[in-house]
Amino acid sequence: MNRTELVEAHTPYIRPHSRVRISRHFIVLAACFAGATTAAPQSPETPGRDLLAFPVGLVAEPGALPGMFGGGFWNPADSRLPIGVRWRLSAAAMSTPSDVSVSAHAGAVSGNWRGSTVTLSVVRASVGGLVRTESDPLTIAADVPYSTLVTSLGIARTLRPNLTWGLAARVRTGQIELDHRTSISVDAGVNAEHVTRLDARLGASTFLASPWSRGAEHATYMASADVRVVQADSARVIRAGLAVASTQAGNVEQFAFASARFHVWELRGGPVRTSAYGSMNVRTRMAVAVHFGGYAVGVSRESAPAELAPSYQFVLSSLLR
């Protein structure tokens with residue numbers, strides 16, 4: 001299995017206020033998006049979309065449910081700050097085996113603004129070691145640059161005590177050799193918590209949705225849910241769930257997961273089944289996280305098909321009151 005096939009095999013993975021105020025937030029986000037579209041016109045086939053098939057910023061977490069990173073990258077509603085928290089700073093990194101050589105870095109800052117959470121996030125992914133050849137295996141000149149950068153401005157707001165919506169405007173640039181292109185997308189997401197007696201969490205979101213981009217982006221649609229299995233108290237609980245992600249290119253991923261929280265420690269993981277381009281593979285994701293005060297640190301490991309080395313994710317976030 002070559003590098004391109006392995007990248008393709010990883011598919012990624014949603015207090016009451018007045019209606020008038022909600023409409024103002026929509027207007028603010030729309031204005032930001034209008035400015036971005038004016039500065040960066042749409043172009044077809046922006047390079048680097050396949051680099052975002054990896055679960056950047058997720059430590060064995062479902063993309064459509066709230067996670068440790070909290071930057072609203074996969075679901076804009078995920079960025080909502082807890083009550084009493086004014087700021088959140090997050091950072092994430094990913095590394096893959098040398099056979100793939102994909103790396104990613106992410107950063108996000110979230111703050112309260114008039115009862116909403118506004119988030120600015122930046123994610124960059126790149127692949128190294130792409131060499132130029134001609135008629136023989138000998139390489140010529142320097143490596144071929146291949147990368148993508150996603151800058152997102154999002155807003156999340158609680159409609160009811162257990163329901164949160166979010167919107168995010170994104171500008172994505174991609175480069176392959178001397179070809180630089182840009183595309184714009186707007187994503188939406190929703191999260192519902194404490195649903196039914198099973199204390200279920202439900203989430204749904206879009207990622208890189210851009211129907212007017214004439215093929216510049218392939219949108220991903222995600223849905224996730226989990227329920228309480230066993231709970232002694234708020235610091236000792238076991239949950240289980242399922243996440244599904246479908247990308248317009250034809251990739252479908254199913255992730256069956258479980259999590260166990262015991263005071264400051266949390267364990268997560270499960271099997272991942274990916275169908276892409278007529279082939280299918282199953283691999284595992286496992287993670288361990290530590291929650292202490294307003295800080296959370298998580299590390300995850302994901303196995304790779306074809307007996308290649310695993311990839312790793314690292315996430316750090318802090319809440320400031």
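Which strand holds T119? T119 is found in strand β3, residues 116-127, strands being DSSP runs (E, at least two residues) and helices likewise (H or I, at least four), numbered from the N terminus. The model is predicted, so local features need pLDDT of at least 70 and side-chain atom pairs count only at pLDDT 80 or more, while totals for chains, interfaces and linings use all residues. Residues are numbered from 1 along each chain as its sequence is written, and side-chain values use heavy atoms, with hydrogens and water left out.

**View 1. Surroundings of T119.** T119 is buried, with a relative accessible area of 2% (buried means under 20%, exposed over 50%, partly exposed in between; 1.4 Å probe, protein chains only). Its side chain joins that of S110 in a polar contact of 2.7 Å (a pair of N or O atoms within 3.5 Å; within protein, one must be able to donate a hydrogen and the other to accept it, and residues adjacent in sequence count only if both atoms are side-chain atoms). Beyond four places away in sequence, T119 touches residues including G71, S79 and L153, contact meaning heavy atoms within 4.5 Å.

View 2. R268 stands opposite A287 in β14, and Y277, in a hairpin with two residues between the strands, takes a positive phi near 55°.

**View 3. Hairpin of β14 and β15.** Eight bridges join β14 to the antiparallel strand β15 (residues 295-302), in which E302 is the bridge partner of R285. Two residues again lie between the strands, and G293 takes a positive phi near 60°.

Conventions. Two strands pair if DSSP finds at least two bridges between them.
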